[in-house]
Amino acid sequence: VRTLQRIRKNSFVMEYVGEIITSEEAERRGQVYDRQGATYLFDLDYVEDVYTVDAAHYGNISHFVNHSCDPNLQVYNVFIENLDQRLPRIALFATRPIRAGEELTFDYNMHVDPVDAESTRMDSNFGLVGAARGSPCARGRIECKCGAAACRKFLF
């Protein structure tokens with residue numbers, strides 16, 4: 001996904017949208033998606049591991065945003081018309097100025113800044129809800145191909 005216009009630092013860019021499902025259903029779907037080699041699951045474990053967003057069938061452009069070890073977007077939990085801490089909305093904000101035409105990316109293995117921990121506490125295993133019982137995560141590490149100068153070489 002590339003932006004058509006310049007984006008200012010700290011600007012809201014998009015929301016990660018999808019079907020809200022239980023973590024049990026996400027585990028089941030995750031195993032199916034693992035076999036297919038793609039997944040759009042995003043855990044919402046701000047307080048407890050109860051819900052997951054699945055953008056595989058219902059979503060927006062956000063589920064096409066790629067990973068980077070040097071991303072230009074950061075994920076934050078936001079609460080709009082809802083105070084249930086188990087159901088934050090997933091908002092992506094620019095971490096720096098982004099040029100028109102630049103690819104939008106976020107770190108699938110997010111590391112939370114301790115200062116912002118309360119507002120950014122998200123699952124550090126984006127897309128790997130089914131990380132047990134034979135999934136790719138359980139079998140071995142997933143190689144990163146982001147190409148960033150500071151690439152960690154593995155997603156998870």
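A disulfide is a pair of cysteine sulfur atoms within 2.5 Å. With that in mind, let's walk through this structure, which is a predicted model: local features need pLDDT of at least 70, side-chain atom pairs count only at pLDDT 80 or more, and totals for chains, interfaces and linings use all residues. Residues are numbered from 1 along each chain as its sequence is written, and side-chain values use heavy atoms, with hydrogens and water left out.

Take Cys-146, which is in no disulfide: its nearest cysteine sulfur belongs to Cys-144 and is 3.6 Å away. Cys-151 is in no disulfide either, and there too the nearest cysteine sulfur is that of Cys-144, at 3.6 Å. Are these cysteines buried or exposed? Here buried means under 20% relative accessible area, exposed means over 50%, and partly exposed is in between (1.4 Å probe, protein chains only). Cys-146 has 25% relative accessibility, so it counts as partly exposed, while Cys-151 is buried at 13%. Across the chain of 156 residues, 40% count as buried.

Now for the overall layout. The chain has three helices and eight strands; both are DSSP runs, numbered from the N terminus, with helices being H or I of at least four residues and strands E of at least two.

Strands of a sheet pair through backbone hydrogen bonds, either parallel or antiparallel. In this text, two strands pair if DSSP finds at least two bridges between them. S6 is joined to strand S7 (residues 89-94) by six bridges, and Asn-77 has Ile-90 in S7 as its bridge partner.

Asn-10, in the segment before S1, has a phi near 70° and is exposed, at 55% relative accessibility. Glu-81 is in the loop between S6 and S7; its phi is about 55°, and it is exposed with a relative accessible area of 83%.

Another open sheet of three strands runs S2-S4-S3, again with antiparallel pairing. Its edge strands are S2 (18-22) and S3 (41-44), each pairing on one side only. Neighbouring strands are turned by 35° on average, direction ignored. Five bridges link S2 and strand S4 (residues 51-59), and Thr-22 has Tyr-51 in S4 as its bridge partner.

Finally, let's return to Cys-146, which is one of the residues lining the second largest pocket. Others in that lining include His-67, Asp-70, Arg-96 and Glu-102. A pocket is found on a 1 Å grid over the protein atoms alone, as an open set of points with protein on both sides within 12 Å along at least five of seven lines, and lining residues have an atom within 4 Å of a point. This pocket has a volume of about 190 Å³, the volume being the space filled by probe spheres set on the points.

Technical notes
On a 1 Å grid over the protein atoms alone, a cavity is a set of points where a 1.4 Å probe fits but cannot get out, and a pocket is an open set with protein on both sides within 12 Å along at least five of seven lines; lining residues have an atom within 4 Å of a point. Axes are lines fitted to C-alpha atoms, for helices over the stretch in contact, and angles run from 0 to 180 degrees between N-to-C directions.
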